[in-house]
Every structure is written in C-alpha cells, then in structure tokens.
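Subject: Structure for you to look at

Hello,

Here is the structure I promised to pass on. Please open it alongside this note.

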Number of protein chains: 2
Amino acid sequence: MSRLWSPGIAALTPYVPGEQPKIVNLNKLNTNENPWGPSPRALEAIRSATSDALRLYPDPSAEQLRDTIARYHGLAREQVFVGNGSDEVLAFAFFALLRQSLPLLFPDITYSFYPVYCGLFGIQATRVPLTDAMEIRVEDYRQPCGAIIIANPNAPTGVGLPLGAIRTLLEDHPEQVVVVDEAYVDFGADSAVGLVNDYDNLLVVHTLSKSRSLAGLRVGFALGQAPLIDALERVKNSFNSYPLGRLAQAGAIAAFEDEEHFQRTRREIMETRAGLVERLTALGFQVLPSVANFVFARHRAQDGAKLAAGLRERGIIVRHFARPRIDQYLRITVGTQAQCVALTDALVTLLGA
Amino acid sequence: MSRLWSPGIAALTPYVPGEQPKIVNLNKLNTNENPWGPSPRALEAIRSATSDALRLYPDPSAEQLRDTIARYHGLAREQVFVGNGSDEVLAFAFFALLRQSLPLLFPDITYSFYPVYCGLFGIQATRVPLTDAMEIRVEDYRQPCGAIIIANPNAPTGVGLPLGAIRTLLEDHPEQVVVVDEAYVDFGADSAVGLVNDYDNLLVVHTLSKSRSLAGLRVGFALGQAPLIDALERVKNSFNSYPLGRLAQAGAIAAFEDEEHFQRTRREIMETRAGLVERLTALGFQVLPSVANFVFARHRAQDGAKLAAGLRERGIIVRHFARPRIDQYLRITVGTQAQCVALTDALVTLLGA
C-alpha cells in the first residue's frame with residue numbers, strides 16, 4: 001500500500017497462476033500444458049520471422065492471422081478478435097461487454113480469473129452454484145443479470161455442457177452477452193463456434209495455449225458477430241495497439257495450417273486421459289467426467305491437500321485449490337503416458353495400496 | 001454501437017498508430033522504427049527458445065529478464081516492471097497510479113496515447129501548453145493535480161528536458177506520481193533512471209522498440225521504487241498473468257547483453273540525424289532540436305499536409321498530425337543515410353528547389 005496508488009488498487013486480489021517451478025526434472029501436471037510440442041510448422045514459421053524485420057512493428061490489426069482463424073472456423077475477419085493469450089481476450093471482454101449495471105453470472109466453481117476481472121473493473125458478480133454432480137444447470141441462470149460467462153468444459157472440473165444447454169442459455173438471455181470460454185474445448189467438448197452466426201449475443205473465447213501447445217507464445221482469440229468484436233477492438237485500441245508481436249502472429253498462423261499435428265496430438269491426449277481415469281478410479285478416486293486435458297479427482301479416503309503435498313515430495317506437481325467444495329480435489333493435467341504412469345505409481349505408494 | 005456493449009465503450013476514441021503499409025519497397029519513416037536490426041544475440045536467443053518448450057507457459061513474473069534490466073540500470077528486481085510493449089506498461093501505470101481524483105497533467109502536444117488512456121479509465125486530464133518554442137516549462141505544472149506524465153524527449157517534438165527540470169517537477173509534487181516516458185531517451189536525452197532511488201514518486205518507462213530495435217517483439221518496462229512497481233504488478237496480475245511470452249523474454253534478455261550493438265547503432269542514428277537536420281534546414285525547414293530518433297520539422301513556405309502527401313506519392317511515408325499547433329509539421333524518422341538522402345532528394349523535387 002502506498003499513498004501514491006490509484007483508488008482501489010490496494011483492494012485488488014490478483015490472480016495466482018499455477019506454479020512455474022524453476023527446478024527441472026519435475027513431472028509438471030499442474031498448469032494443463034500440452035505434453036506434446038507445438039506443430040513443427042509453427043516453430044519453422046517463428047524461426048523465419050526471427051530476422052532484422054523484428055525492428056518493425058507488427059500489423060496492429062493482425063489481419064493475416066485473423067483471416068487464417070476466420071477461414072478455419074468458417075467465419076469472416078470481422079468476427080475474429082486476437083489477443084495476448086486468452087486471459088487478455090477475456091480481460092477485454094469483461095471490460096467491453098460484461099461490465100453492466102446488473103450483475104454478471106458465472107458458476108461458483110469455475111476459472112478463478114473471472115472474479116479477479118470483476119474486482120479490477122468493478123463488476124458486480126453473482127455466483128451460480130454447480131449442481132452436486134458439479135454440473136452447470138442452465139435453468140439456474142434464469143434470473144436478472146447483465147451478462148453471463150461460463151467455461152465449457154468448465155475449469156477446474158473438466159465437465160462439459162451440451163450444445164443444447166448453451167442454446168437455451170443464449171435464448172433465455174437475448175439481451176445479454178453470453179461468453180463461452182472454450183480454452184479446453186478441443187479435448188472432447190462441443191464447441192459453440194457453430195452458433196456464432198445464429199446468436200448476436202454469443203462470444204466464444206479460444207486459446208492456442210492448450211490444444212495448439214503454444215502456451216509460451218501467448219495467443220488467444222474470440223469469435224462473435226461483428227458488433228461484439230468491434231467492442232473488443234475499441235478497448236484494445238485504447239489500451240495497446242500491438243498486443244501480438246511478429247513472432248506470435250507468424251507462429252499462430254502456421255499452427256492453424258497443420259491440421260494433422262493438431263488432430264493427432266489432441267487424440268493422443270484424449271486416449272491417455274481414458275487410461276488415466278481408469279487407473280485413478282481403480283486407486284479409489286472419484287473422477288469427474290472430463291472432456292478437458294486434465295481430470296479433477298478426489299480420493300474417497302485420503303485428504304486432497306496431503307496427497308498434493310506427497311506427490312510434490314516425489315517430484316510430481318498437480319494443482320490443489322484450498323477452496324470450499326473443491327478442497328478435496330486434485331486437478332491433474334493429462335501428460336504423456338509415461339508421466340501419467342509416474343503419477344499413478346507415486347499415488348500407489350502414497351496410498352499404501 | 002450495440003445494445004450489448006458496456007457503458008462508455010461507444011464513447012471511446014481509440015489510438016490510431018502510424019500506418020503499417022502492406023506495400024513493400026516503401027521508405028518507411030513514419031513510426032520511428034530503428035533502421036538497424038536488433039542485436040544478432042537477441043535473434044540467436046529467440047531461435048534457441050523456439051523449441052518444444054513453447055508448449056510451456058513463460059515465467060509469469062519474468063524474473064530473469066527483470067534481473068537483467070535491474071543489473072543494467074543499477075537497480076533491484078523489485079524496482080522493475082515488464083510488459084507487452086511500453087504501451088501496455090503505460091496503460092497499467094495510468095490505471096494503477098495516474099487515475100486520481102484531481103486531474104492528470106500532461107503537455108498539450110505529446111504522445112497521443114495519453115488522452116486515450118484517460119478516456120478508457122475515466123481519468124480527468126488537464127493539458128499544459130508547451131511554450132512557443134515547443135518546450136515543457138515545469139513551472140507551468142505548479143497547479144493542483146493528481147499526477148503528471150511527460151515524455152522525455154517529448155513526442156512528436158523530439159525536444160528534451162534537462163534533468164534539473166525533472167528534479168524540480170519531482171520536488172514540486174512530492175505527493176503525486178510523475179511518470180517520465182523515456183521511449184526515445186537513448187538517442188541523446190538525459191535519463192531520469194538515476195533519480196529512481198532518490199524520489200519515491202518517480203516512474204520511468206522504457207521500451208525495447210526503439211533503441212533496441214525490437215518493435216516486432218513487444219517488450220517495455222518501468223523503473224521505480226518498489227511500492228510503485230507493486231501497484232503495476234497488482235493490476236497486471238488482475239489482467240493477464242503472462243503478458244510476455246518465452247520468446248520475448250529470451251530476446252529481451254539477450255538484447256541487454258549486447259552493449260556494443262546498442263552503442264554502435266544508437267550512435268549511428270544520432271550521427272545520421274545531425275546530417276538530416278542540416279539538409280532539412282538548408283531546404284528551408286525549421287527543425288526542432290531533436291534528441292530522439294526522429295525530427296519534427298515544418299517548412300517555412302510549404303504546407304505540411306501537402307508535403308506529406310507529395311512524399312507518399314514518391315514512396316516515402318512520414319507522419320503528419322492534423323492537429324492544432326502542429327499541423328504544419330512533419331515527423332520524420334531518422335532512417336539509414338540512404339533513406340534520409342532519398343527523403344531530402346524527394347523534398348528537393350517537391351519544393352522545386
């Protein structure tokens with residue numbers, strides 16, 4: 001706290017990202033990174049862009065990248081907004097669209113950055129409890145509100161919401177923006193991208209950090225009808241003209257041009273997930289049905305925090321949230337087969353099974 | 001405009017960056033890019049970081065980069081904030097420090113992003129006129145205010161402010177933050193970085209886009225005492241955990257480790273500037289004394305807008321601002337010798353000299 005700060009800064013509760021440990025040789029299953037590398041084409045495109053041309057500013061409106069994404073998803077450039085990771089895209093969406101006089105609705109258990117944005121931008125929020133099965137029930141959102149944001153699949157649960165339920169949400173709230181944060185959608189959930197042209201109140205947010213394996217590059221995007229994208233552009237252009245550098249734009253474009261790599265690696269992760277769920281269940285875990293690249297699991301007998309600490313001692317990091325309703329759960333990233341086996345082996349020891 | 005936007009979005013007046021033309025072979029002297037490429041060491045470091053490790057998130061607190069910058073400037077890590085270009089750093093400073101109940105002061109002629117941030121964050125601003133010689137007179141800032149921001153050298157004038165005047169500003173306003181935006185400081189102005197440990201109300205903002213020739217990478221930083229940096233960190237961590245990707249961090253670190261390249265290229269630009277000023281003066285231009293990598297010049301007889309248009313027809317882009325007090329000026333980036341000669345040759349034709 002300092003006398004020199006702007007009002008409200010001292011009251012902020014910043015987001016705490018999953019640990020990025022400096023120690024090597026850790027089995028890092030805590031931040032939902034992709035165990036497979038990015039497309040070699042993306043790496044090659046970045047290398048090509050690593051030249052004296054870095055002295056020049058990037059295209060501030062990232063037209064080529066937006067065209068690539070638009071083509072990939074069957075939309076127009078004006079329906080695509082790109083940003084410095086989906087966290088930045090979400091920040092702009094909170095400011096430009098979700099900041100309304102009535103409260104914003106989101107699940108009580110969801111991506112923990114949402115309440116942080118609300119704190120930053122002075123947005124009132126109402127948290128709508130998930131069901132006991134940790135599911136979103138869209139009927140619970142039938143209440144006066146300024147806007148809605150959900151993650152699909154939800155985080156940290158990994159549970160997906162069928163497209164029919166999303167349609168219901170959109171039709172129940174024609175005068176409110178509904179943001180569907182699809183950071184993990186490529187691992188088995190139904191995407192709402194196909195609904196963009198049908199609903200002018202829908203904004204879908206994607207990232208290249210998960211299924212495209214480019215967390216280190218920082219690229220995310222939003223898809224929606226032109227007026228929603230225009231609002232994001234207005235805020236972005238009042239904040240930072242050039243959020244995406246030349247390397248990020250080049251790498252992201254190339255990533256979308258390697259469909260084979262994308263399909264193969266995401267399929268691999270889904271297959272590994274199936275085996276992991278099976279082994280965790282056999283070890284006495286209750287595992288929520290996951291359509292993400294992580295699973296959310298609690299042991300029927302052992303304390304979640306203790307298990308997380310025990311795994312850490314064995315060089316395996318998973319994420320544990322000390323929060324009501326989920327403090328018995330571990331969120332475990334689906335790594336390689338070998339990483340998942342190392343995890344379950346360590347759990348066998350810890351559980352004395 | 002859409003019924004779905006948050007309040008105030010329709011009223012924003014976004015910043016308009018200098019044109020990034022798609023046409024090649026233009027003599028691009030409009031966005032103050034460095035005519036020399038970045039350090040080869042920076043390019044090499046980026047290439048090394050272009051690997052499967054891009055699947056991993058970057059260090060959210062960029063400790064290694066902040067340590068490098070701290071060492072370079074004789075400060076501690078806690079006195080360094082890094083962001084996605086100095087525009088993002090400035091945005092955070094406006095929100096975290098300059099947003100006060102009393103108005104923010106800045107010159108009437110200065111970086112045109114400042115009023116845009118004010119619009120975005122609802123900051124009241126008072127513009128303090130430059131003198132007729134286009135200089136900042138710090139005595140004019142002796143008025144009730146919430147905070148102050150100046151650019152040194154100022155943009156788009158290129159005129160520098162002596163360190164003594166900055167000290168006066170800091171001492172006149174001990175209860176207000178004074179931001180000194182030093183984007184162009186390495187081309188001959190006096191830096192206030194040496195004052196950081198003396199004044200707890202000073203924040204100095206730098207960029208790697210100009211003297212480090214990395215506009216395409218997007219890295220900027222702020223230097224100040226720990227409580228000011230802490231305010232920026234709080235806002236950044238409530239907005240986007242990972243504004244700097246792995247490649248940006250790696251390239252920026254290496255850029256600071258190539259002092260020889262830095263010194264040689266900035267000296268080259270200062271020498272080229274001297275010759276350009278001489279030739280422009282001979283052509284009938286009044287050139288403001290520049291300590292930046294651009295000059296701000298008006299012709300004694302010819303209209304500024306017409307000259308800019310004429311240059312463009314000849315494949316040379318300079319920046320012209322259609323704004324009161326400066327609509328007769330051209331802002332011309334100091335390019336290579338050859339680019340500057342091409343510019344003055346074109347001017348000779350245009351002026352019929």
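Predicted model: local features only at pLDDT ≥ 70, side-chain atom pairs only at ≥ 80, totals over all residues.

Start with chain A. Its secondary structure comes to 10 helices and 12 strands. The C-alpha trace spans about 55 × 50 × 50 Å along its principal axes. The radius of gyration is 20 Å, which agrees with the value near 20 Å for a compact globule of 353 residues. Of those 353 residues, 56% count as buried. Now take the contacts in chain A between residues at least 6 apart in sequence: 73% of them join residues at least 24 apart.

Next, where the chains meet. Chain A gives 68 residues to the contact, and chain B gives 68 residues. On the side of chain A that touches chain B, helices H1 (40-49), H3 (85-98), H4 (114-121), H6 (226-236) and H7 (246-256) each supply at least two residues. The largest share comes from H3(A), with 7 residues. By type, this side of chain A divides into 35 nonpolar, 20 polar and 13 charged residues.

Last, the core. In soluble globular proteins, nonpolar side chains tend to be buried together. Here the largest nonpolar core has 246 residues. Those with the most contacts inside it are Ala93, Leu97 and Ala222 of chain A, along with B:Ala93, B:Leu97 and B:Ala222.

What does A:Ala93 touch, not counting residues up to four places away in sequence? The list is A:Leu98, A:Val179, A:Leu203, A:Val205, A:Ala222 and A:Leu232.

Best wishes

How values were computed:
Residues numbered from 1 in each chain as written. Chains lettered and ligands numbered in written order. Helix = DSSP H or I, 4+ residues; strand = E, 2+ residues; numbered from the N terminus. Rg over C-alpha atoms; globule rule 2.2 N^0.38 Å. Buried ≥ 20, exposed ≤ 12 C-beta atoms within 10 Å, placed from the backbone. Contact = placed C-beta atoms within 7 Å. Nonpolar A, V, L, I, M, F, W, Y, C, P; charged D, E, K, R; others polar. Core = buried A, V, L, I, M, F, W, Y, C linked by C-beta atoms within 7 Å.
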